[in-house]
Amino acid sequence: MTVVTASSEGPPRASERGTGTADMKTALVGLLASRIAIAFLTLGFVSVAVFVGTEILPGDVAAAVLGQNATPEAVAGLRHALHLDQPAYMRYFLWLVGLLSGDPGRSLVNNLPVAGLIASRLPNSLMLAGVTAAVSVPIALTLGIASAIWRGSLLDRVANLLTMSVVAVPEFLVATLCVIIFAVHLRWFPALSYADRIVSFAQFFRLFALPVFTLSCVMIAQMMRLTRAAVVDTLRSPYIEMAVLKGARPMRIVLTHALPNTIGPIANAVALSLSYLLGGTIIVEIIFNYPGLARLLVDAVSTRDMPLVQACVMMFCSAYLFLVMLADIAGILSNPRLRYR
Amino acid sequence: MAPLVKVENLHVTARDDCGRNLAIVKDVSFTVEPGEVVALIGESGSGKTTIALSLMGYTRAGSRIVGGNITFDGREVLAMSQRELASLRGRDIAYVPQSAAASFNPARPLLKQVIESSQIHRVMPLAAAEAKAVALFRELVLPNPEKVGERYPHQVSGGQLQRLLAAMALVTEPKLVIFDEPTTALDVTTQIEVLRVFKKAIKERGTTAVYVSHDLAVVAQMADRIIVLREGSIREVDATGLILSSPKNDYTKSLLAAAEPQVRAAAPATTQQTAPPVLEVRSVIAGYGTADRDGIPAVPVLRDFSLAIKPGSTLGVIGESGCGKSTLARVIAGLLPAARGEVKLHGMPLPRSAAERTREQLRRIQIVFQMADTALNPARPIGRILGRPLEFYHGFFGDKRRRRVAELLDMVRLPATMAERYPSEISGGQKQRVNLARALAAEPSLILCDEVTSALDTVVGAAILDLLAELQRELGVAYLFISHDLSTVKAVCDEVMILYAGQMMEHGSRGALHQRPLHPYSDLLISSVPELRQGWLDGISDKCLKEAAVGAARSGRGEACSFFERCPVRIPGRCDVEPTPLRHLSKGADIRCQRTEEELVELTAQ
């Protein structure tokens with residue numbers, strides 16, 4: 001209660017009985033709206049940080065593009081063409097307006113529109129992220145909940161050991177081992193995961209099996225451990241003891257008593273893990289030669305292609321904020337203290 | 001007839017932090033006859049809850065039943081499988097826990113939780129269970145019985161939740177109900193109402209019950225037989241009347257003695273009557289939340305509050321949870337700056353915030369908190385905890401400081417060797433003594449005691465009260481003694497102030513509390529404190545109870561009376577609208593009430 005009353009004028013509790021659900025609804029809508037507003041505000045700060053960050057990177061793009069033999073006049077001309085001679089705040093606003101209108105500018109390296117470059121990679125990244133999420137989330141939640149129910153059992157201990165080892169082993173090792181075993185020796189799957197067109201489910205499966213497996217290892221391990229911790233924590237509450245003393249069996253205790261109280265923390269664990277799937281897949285993309293956004297970003301950094309770097313980073317930040325916001329909203333909606341005040 | 005419950009030579013151990021197994025229940029044997037209410041009474045650590053839970057074949061994490069037999073209704077409880085135990089729990093034996101707020105699942109509506117055991121055990125169809133629950137709600141005098149089940153736990157008051165727990169236990173008509181301190185977390189005026197409906201429900205059903213409590217006066221109302229426990233073993237078993245009138249065991253005698261504390265307060269010497277007050281609080285408004293344009297906080301807790309404390313005397317402030325007692329201490333200490341009004345020390349106004357006060361001003365007012373253990377830094381030995389204020393206020397170092405620490409420990413009757421120990425190595429009572437010594441280190445003229453004995457067992461708490469009184473005689477320090485417990489306040493205070501929803505209701509000498517007329521709230525508060533005799537609960541008039549049941553305290557608007565909704569002698573249209581006047585009664589006390597002395601005498605005589 002104290003969390004939220006600071007901002008609302010909150011009538012005394014005793015008088016709540018009379019006032020209907022309308023007040024509660026507006027309070028809830030207000031809470032959600034403020035949460036969404038915070039996400040946008042954060043995104044605004046992020047855009048400043050991204051811009052300043054790329055601004056202080058050393059090196060001059062115009063000189064870099066034109067090479068060592070360029071005349072000072074040519075460099076100055078290019079700087080003017082790229083708005084590099086304008087003050088930083090002007091360039092920030094130009095950039096921001098461009099971003100908001102869907103035009104993050106042109107690549108400094110090949111003069112192609114950044115939007116088009118991203119559009120060519122985004123579906124690939126979303127596909128990889130989507131398939132990995134679809135595989136790893138259900139497995140992670142089931143394993144996490146199961147090992148919380150049967151704490152200390154063989155299942156719990158094996159799952160604990162496996163997730164610990166998977167988190168500890170670097171991703172590139174998992175990916176490389178996958179390639180060596182399944183692609184080189186067994187020849188079950190191709191070593192490179194790219195095709196122009198997907199024609200059948202079998203082909204789809206063959207293409208995605210290894211990268212998705214590699215990514216899922218870490219994803220499942222992280223999410224499972226956080227889920228297990230959240231459920232175990234809830235299982236220590238007095239109301240769980242009360243349910244045991246009412247004669248509830250373990251399955252019922254977890255499903256009807258513990259889980260509704262862990263939606264918030266679990267949603268946050270899932271969001272944190274999933275947000276990694278857009279920008280953090282660089283190793284998988286390189287080893288499996290998969291054309292995703294992470295590689296685009298790394299390439300852009302190495303060529304100092306600032307508009308592309310900025311757009312990619314904004315993209316990843318937005319995705320991250322969006323996922324975390326969804327998790328928070330799930331947490332708010334699953335908490336009756338916030339739903340019915 | 002065979003006993004319903006038979007416990008023979010029960011032994012339970014618990015593993016402590018170091019992995020050692022300690023016996024927490026030792027060789028306990030007793031029986032419970034059908035239709036009987038048996039109380040397990042003892043202080044914390046006596047094993048009473050452990051024993052009660054073991055009747056359901058349940059132990060908390062870390063503890064284990066290592067020996068003995070428990071027979072329930074002819075069946076061996078300790079030989080049952082998990083599945084058999086589950087079918088016993090909630091069906092044949094139901095449990096009513098202490099903290100209703102924690103024992104309800106915050107994410108589920110109340111009705112679902114109340115009827116859950118009837119659905120788990122398939123005792124009756126859903127609709128029948130819901131109808132039964134509503135009937136129980138009505139029987140347990142819950143407001144709005146048809147609708148209350150749709151609400152969530154956080155939307156319902158503590159006293160109502162406790163009654164909902166009882167409904168949850170009774171819905172399957174179990175053969176045995178275990179009540180585990182069901183009213184300990186409640187305010188007295190709420191407790192009395194809950195006790196009454198519980199007692200009625202038990203009596204009408206002829207329910208067999210095990211009633212766990214630390215409070216003899218409460219148990220005296222509920223139980224037929226009392227089992228006195230200490231440190232995991234039984235000290236005495238007898239009928240309630242006999243335990244109260246002729247206890248045989250020394251420990252039982254000390255429990256009885258501590259339940260009715262003697263008066264310790266040293267009446268202030270007559271010369272001090274004219275001395276200027278050590279502390280004066282004048283027309284203070286304080287609260288929480290953002291302030292409005294006039295600087296009044298969104299949630300005002302203290303409204304136009306004034307008091308004065310004479311040097312070397314004790315002023316008791318009593319009220320129920322949420323009435324603003326602790327806020328008062330925080331305002332005086334400067335932890336919560338008042339929005340309005342002033343706090344004067346020795347006649348000099350104090351800055352509202354502690355950050356703006358001088359070291360000398362800070363030194364003169366010290367505070368001791370309720371939670372003895374959380375107030376002490378677990379990473380510092382006692383000697384350093386006490387040494388810090390000596391350095392800060394008096395600039396004592398080295399040998400001088402060490403000697404003074406030893407003196408302080410001696411003052412609170414602790415051995416000097418205690419200086420090297422850490423807070424985790426000493427008991428709760430000892431910790432509270434250390435807190436007191438830390439306050440004394442500053443050589444204050446006033447100590448704010450905020451519920452200093454509430455977290456302690458009765459006997460330990462009584463010793464702290466003795467110490468407070470002795471220190472006052474020796475050092476002449478004044479106390480502001482904040483408590484929710486009338487008997488402790490009466491035991492140590494010269495003057496008593498009764499607080500309700502941030503307003504002073506009555507202020508007078510300790511003796512004036514025993515004289516009528518009283519403010520209607522004082523009357524309710526005093527008559528709600530359980531007395532240590534059987535039949536007290538049955539003799540309470542219904543009228544004051546009905547009003548008490550209305551529920552939560554509400555801050556009245558403006559200067560109007562905040563007790564209006566619960567007041568049995570209220571005048572609608574006046575009490576809830578007009579500013580309440582202060583009246584001086586002929587017994588020497590002041591009250592805030594619309595009723596005149598004559599009216600109050602007449603109305604309470606009826």
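Begin by selecting helices H14 and H15 of chain B, which are roughly perpendicular to each other, a label given to angles of 65 to 115 degrees. This is a predicted model, in which local features need pLDDT of at least 70 and side-chain atom pairs count only at pLDDT 80 or more, while totals for chains, interfaces and linings use all residues. Residues are numbered from 1 along each chain as its sequence is written, and chains are lettered from A and ligands numbered from 1 in the order in which they are written.

To find the pair, select residues 382-394 of chain B for H14 and residues 398-411 of chain B for H15, whose axes come within 9 Å and cross at roughly 115°; axes here are lines fitted to C-alpha atoms, for helices over the stretch in contact. Next, show B:Gly383, B:Leu386, B:Gly387, B:Leu390 and B:Glu391 of H14, together with B:Arg401, B:Arg404, B:Val405 and B:Leu408 of H15, which make the contact, where contact requires C-beta atoms, placed from the backbone, to lie within 7 Å.

Now move to B:Gly334, in the loop between helix H12 (325-333) and strand E14 (340-345) of chain B. Is B:Gly334 buried or exposed? B:Gly334 is buried, because 20 other C-beta atoms lie within 10 Å, and a residue counts as buried at 20 or more and as exposed at 12 or fewer. Finally, select B:Ala354, which is 20 residues from B:Gly334 in sequence but 4.2 Å away in space, C-alpha to C-alpha.

Conventions. Axes fitted to C-alpha atoms, helices over the stretch in contact; angles between N-to-C directions. Helix = DSSP H or I, 4+ residues; strand = E, 2+ residues; numbered from the N terminus. Parallel < 35°, antiparallel > 145°, perpendicular 65-115°, else oblique. Contact = placed C-beta atoms within 7 Å.
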